[in-house]
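Student: I have a structure open and would like to learn how to read it. Can we go through a few features together?
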Amino acid sequence: MPYHVGMYIRVIRRKNKNGSVTGYVQLAHNYRDPNTGQPKAKVLYTFGREDEIDLEALRRLAQSIHRFVGDEFTAGRGQSEGIQTTLLDSRPMGGAYLLDELWRQLGLDEVLRERLADRKFKAAVERVIFAMVANRALAPSSKLAMEEWVDREVALPGMTELDVWQAYRAMDFLHDVAEDLQYEVFRRVSDLLNLDVDLLFFDTTSTYFETEDESDDSLRRKGYSKDHRPDLPQVVIGLAVTRDGIPVRCWTWPGNTADMSVVEEIKQDLIGWRLGRVITVVDRGFVSESNLRILQRAGGHYIAGEKMTSGKPAVEAALARPGRFRELRPNLKVKEVVVGDGEARVRYVLAFNPEEAKRDEARREAMLRELRMELERLKELQGEAHTKAHCRLASHPTFKRYLKQDRWGNLRIDPEAVRQAAHLDGKYLIRTSDDTLSTEDVALGYKQLLMVESAFRTLKTTLDIRPVYHRKDERIRSHVLLCWLALLLVRIAEVQTGRSWPDIRSHMQAMHQVTKSTPDGIVVQRTETTEVQWEILRALRITEPPRILRMEPRTRGL
């Protein structure tokens, strides 16, 4: 098995207090951070200051490497013995090239330019927007830090420098065209990829701000935090995702927005897209009778998770109905239950995962052991008032469901509550309005909600959507749109290659753009395409970039 050494020489520059700039030459290689999945440069050796470097020592090293691999080496033998070449710059280009080709395949460049036609921008706004999207996918950073990233750390097609104010103006434009842009992107993406949109999955998440300030007239509000940061203001983000995990639309709401309150807006927005027959798949947090009626508008249907402890008579009847489970696949058994008649008829599918049942039992036993220890610490009561410790335990969000009081006011574990919880181990209840779907389609369709959860994980880890630093609502919404566009490109790459984005990014970022100076001028070329890079490009129907990217002949005197 061949071993790929991804080392390269780079020059980093530091600004001194007197305004001068000093360059340092380093031997480095790129690796993937095991915690974040982000590509990072690791410095293996520092040769010293650029103006004090021992070039002859570097040439001897290069000559030794060429001699080892059997290549003829000429650059270090003096000007009379070959071509004198000076390496000026080397930076990753493969990831940006791949993203730009997908960007153009989807026609995103055309969509933006059409909407820019009647606007008088001096900067190439479409390129600025692409740069911000590529940054989220390759090396997420603040808009201010992007200035240095574009200038020194990446080779972006059609862009060599970026001013942060250009980025802010481009974000303002993006906000102005958001609704039209999302529909046009969906239309083009669905046509190009033949997206199956009979099932649309919807869920929400939250992302927080690095500030404790919230505003009554802003999106930045405190609410239920899915990031476990209730101390910070946040926004709520919604995604509609196809069964292949392709995000086709996003929403941004104030941080105190409840899931139950957004269904009507979502349905109205998607009706405007004229999608035809669509079955919307939602989790338990969105289920209310009014929301389910909304999802059935315009011929639509739903597959929805149902809370098994809701106390609804129909739910209790469905859980109590006898009948055998039918195995669909390993660790997934189902049975269909229909409750009621006529207009009151409700169709349920009860699913059971034996492995998840074992995990539920183990988690409950661990929790009960902890609860018993807490009860042993409490003072025994003989009818007197509860202590603070009693009240705290009785109101505990996890423990309280398993507790009851004896006649003297002491807290005891309720065996019936434990039995009822055990009865639900490994089970989940699904409700649907579509009688034409098979039991298997209902169960597997609901399980595909994991696609949305996967998309949210990518947003929060790979694309670093959080924390958000913008204060203006328009910029906050634009930041979410940029992350959505990056997620769109990332998921298309994953679906078509069968690889994870961190893996794709790691391999493609090893393709470098190298700038060299020769007696005849400046030559910009790329490194050779590796076998894995070729497989990735072929799966995405992208041609290799040219070997020679640019040549600038040196002007010679007469």
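Student: Which residues in α4 meet which residues in α6?

Tutor: Keep in mind that this model is predicted. On the α4 side, look at V125, V128, I129 and M132. On the α6 side, they meet Q166, A167, A170, M171, F173 and L174. The residues of this contact divide into nine nonpolar, one polar and no charged.

Student: At what angle do α4 and α6 pack?

Tutor: Angles of 65 to 115 degrees count as roughly perpendicular. Helix α4 covers residues 125–138, and helix α6 covers residues 164–176. They pack at about 95°, with their axes 9 Å apart. The two helices, α4 and α6, are therefore roughly perpendicular to each other.

Student: Now α17. Which of its residues are buried?

Tutor: Buried means under 20% relative accessible area. In α17, the buried residues are W501, P502, D503, I504, R505 and M508. The helix spans residues 501–508, and six of its eight residues are buried, so α17 is largely enclosed by the rest of the structure.

Student: What is the relative accessible area of V495?

Tutor: Residues between the buried and exposed limits, 20% and 50%, are called partly exposed. V495 has a value of 41%, so V495 is partly exposed. Find V495 in helix α16, residues 473–497.

Student: With which residues is V495 in contact, leaving aside neighbours within four places in sequence?

Tutor: V495 is in contact with D244 and I246. Compare sequence and space here. V495 and I246 are 249 residues apart in sequence. In space, their C-alpha atoms are 8.6 Å apart.

Definitions and conventions
Residues are numbered from 1 along each chain as its sequence is written. This is a predicted model: local features need pLDDT of at least 70, side-chain atom pairs count only at pLDDT 80 or more; totals for chains, interfaces and linings use all residues. Side-chain values use heavy atoms; hydrogens and water are left out. Buried means under 20% relative accessible area, exposed over 50%, partly exposed in between (1.4 Å probe, protein chains only). Helices (H or I, at least four residues) and strands (E, at least two) are DSSP runs, numbered from the N terminus. Contact means heavy atoms within 4.5 Å. Axes are lines fitted to C-alpha atoms, for helices over the stretch in contact, and angles run from 0 to 180 degrees between N-to-C directions. Angles under 35 degrees count as roughly parallel, over 145 as roughly antiparallel, 65 to 115 as roughly perpendicular and the rest as oblique. Ala, Val, Leu, Ile, Met, Phe, Trp, Tyr, Cys and Pro count as nonpolar, Asp, Glu, Lys and Arg as charged, and the others, Gly among them, as polar.
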